[in-house]
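Welcome! Take a moment to look over the chain below, and then we will walk through it together, starting with a single strand and ending with the whole chain.

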Amino acid sequence: STIRIRRLNYDGLAPDAFFWVGTTSKPDVTGTPLADEKGSRKPLKAYQNADVVLKLPAGRTLRDIKHIGLWCRKFQVDFGHVNLV
């Protein structure tokens, strides 16, 4: 029920970006935002070569999701994701 992201780099400039999981083949508005590694549900700050451990939503496992990434809700932009098979 946790995901580890190694060496994450993100400039933190998007106004409404979150770690994002979903059940579709790529991120879209139907996904779910995740709290950051500190449990915050605020838009993401910058990361430089950071190792981050995230908790999946209650009751979900890696088998329940198809992707994880960084997504900006305001502009519906995918800043990068990984498909989970």
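**A strand under cover**

Strand β5, residues 67-72, is mostly covered, with 6 of its 6 residues buried. Keep in mind that this is a predicted model.

**The two faces of β5**
- In a regular strand, side chains alternate between the two faces of the sheet.
- In β5, His-67, Gly-69 and Trp-71 point one way, while Ile-68, Leu-70 and Cys-72 point the other way.
- The residues on both sides of β5 are all buried.

**The neighbours of β5**
- Strand β2 (residues 17-22) pairs with β5 in the antiparallel sense, over 6 bridges.
- The hairpin of β5 and β6 has 4 residues between the strands, and in it Gln-76 takes a positive phi near 50 degrees.

**The whole chain**
- Zooming out, you will find 0 helices and 6 strands, in the pattern β-β-β-β-β-β along the sequence.
- The chain's radius of gyration is 12 Å, close to the 12 Å that the globule rule gives for 85 residues, so the chain is as compact as a globular protein of that length.
- Of the 85 residues, 35% are buried.
- Among contacts between residues at least 6 apart in sequence, 64% join residues at least 24 apart.

**Charges**
- The chain carries 14 positive and 8 negative side chains, and the centres of these two sets lie 4 Å apart.

How values were computed: Residues numbered from 1 in each chain as written. Predicted model: local features only at pLDDT ≥ 70, side-chain atom pairs only at ≥ 80, totals over all residues. Heavy atoms only, no water. Buried < 20%, exposed > 50% of the residue type's maximum accessible area, 1.4 Å probe, protein only. Pairing = 2+ DSSP bridges. Rg over C-alpha atoms; globule rule 2.2 N^0.38 Å. Contact = heavy atoms within 4.5 Å. Lys, Arg positive; Asp, Glu negative; His and termini not counted. Charge placed at Lys NZ, Arg CZ, Asp CG, Glu CD.
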